[in-house]
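I opened the model to take notes on strand pairing, domains and cores. My entries follow the order in which I looked things up.

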Amino acid sequence: MNWQQVDFKSSFLSNTVAPVDVQNPHYIVVSDGEILGLSAHEQWQPLSEDELRWSMLEIQSSHFLGLMADIPLFAVEVNGEAEEPEGYYFETLWSFLSSVDIDLFYLIGRAKQIVEWFQTHRYCGQCGGDTTSESADRSRKCKDCGLMFYPRLSPSIIVCVNKGQDILLAKNVNARANFYSVLAGFVEPGESIEETVRREVLEEVGITVKNITYFGSQSWPFPNSLMLGFHAEYDSGEINIQEEELSDAQWFPFNALPNPPAMISISGWLIQDFIQRAEAGLV
Ligand SMILES: [Zn+2]
């Protein structure tokens, strides 16, 4: 198996139940939020059965993810206190974002999220009873009260607001020197995602928007977001920033943005999409 040649998007078939006779399984090993790699591999790749065994790490739980080009893939939890075995390394999920193919990054993020969901749902939040995995899907069920738990996802909106050919970009209070980005925020219970877009923009910069259009989505496993991207047009109001969240927000001409968008996240894709349409005279 040459992992460098795998198309991690089209070759992956998600499943929760491993085949009866598992052959040539591979593992994404998670320890205290970090991912295990083998230094001998030129680029990161899932570990084989032998490679996992040679690490001598104690396996605490194992979760079938699905088949990658017919190879059974598991997310494996090992002791969070474990030292790096010789010849191996632990790496944060964040570092994978820019170092591997984006579809491989999503797969590693999937493994980490499933392991962490399992770690935090061993006991029932309602009665404290033990939970057990259901065979039919990815869920845990309380043995005592029957309450079900599914992997937690937090939907968020991210929105590129424009006023003619200008884009609204804001600087977070914690941001690096000149890092401006589009606005984002979590969906609240009871809201439609379009309502979240209107509320977040109004709360953060004090303006109203119209003509909200869906752009696309991105899994953002820091720790468990699903980013839903939108374009929206300025409608009314003056910029008045929410000072707890933002240190600045301004309209920038599409051809004079303060920093080039990073194309690894949906914020970059949104900005790039707007720039291309503005350059083509479509805005
Ligand atoms: Zn319970």
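I began with strand β9, residues 140-142, in this predicted model. Two bridges join β9 to β10, and the two strands run antiparallel. I then looked for a facing pair and found lysine 141 opposite methionine 148 of β10.

I turned to the domains. The domain assignment gives domain 1 as 3-119, domain 2 as 126-151 and domain 3 as 154-278. I looked up the C-alpha centres of domain 1 and domain 2, which lie 24 Å apart. Five residues from domain 1 and four from domain 2 make the contact. On the domain 1 side I listed three nonpolar residues, two polar and no charged.

Then I went to the cores. The largest nonpolar core holds 28 residues. Ile28, Val29, Val30, Ala75, Val76, Ile108 and Ala111 have the most contacts inside it. β2 (26-31), β3 (34-38), β5 (59-68), β6 (71-78) and α3 (102-119) each give two or more residues to this core. The largest share, nine residues, comes from α3.

I checked valine 76 by itself. Leaving aside neighbours within four places in sequence, valine 76 contacts Tyr27, Ile28, Val29, Val30, Ile59 and Ser62. My last entry is a second, separate core of 25 residues, with Cys160, Ala184, Val205 and Leu270 among them.

Technical notes
Residues numbered from 1 in each chain as written. Predicted model: local features only at pLDDT ≥ 70, side-chain atom pairs only at ≥ 80, totals over all residues. Pairing = 2+ DSSP bridges. Helix = DSSP H or I, 4+ residues; strand = E, 2+ residues; numbered from the N terminus. Domains from an automatic or database assignment. Contact = placed C-beta atoms within 7 Å. Nonpolar A, V, L, I, M, F, W, Y, C, P; charged D, E, K, R; others polar. Core = buried A, V, L, I, M, F, W, Y, C linked by C-beta atoms within 7 Å. Buried ≥ 20, exposed ≤ 12 C-beta atoms within 10 Å, placed from the backbone.
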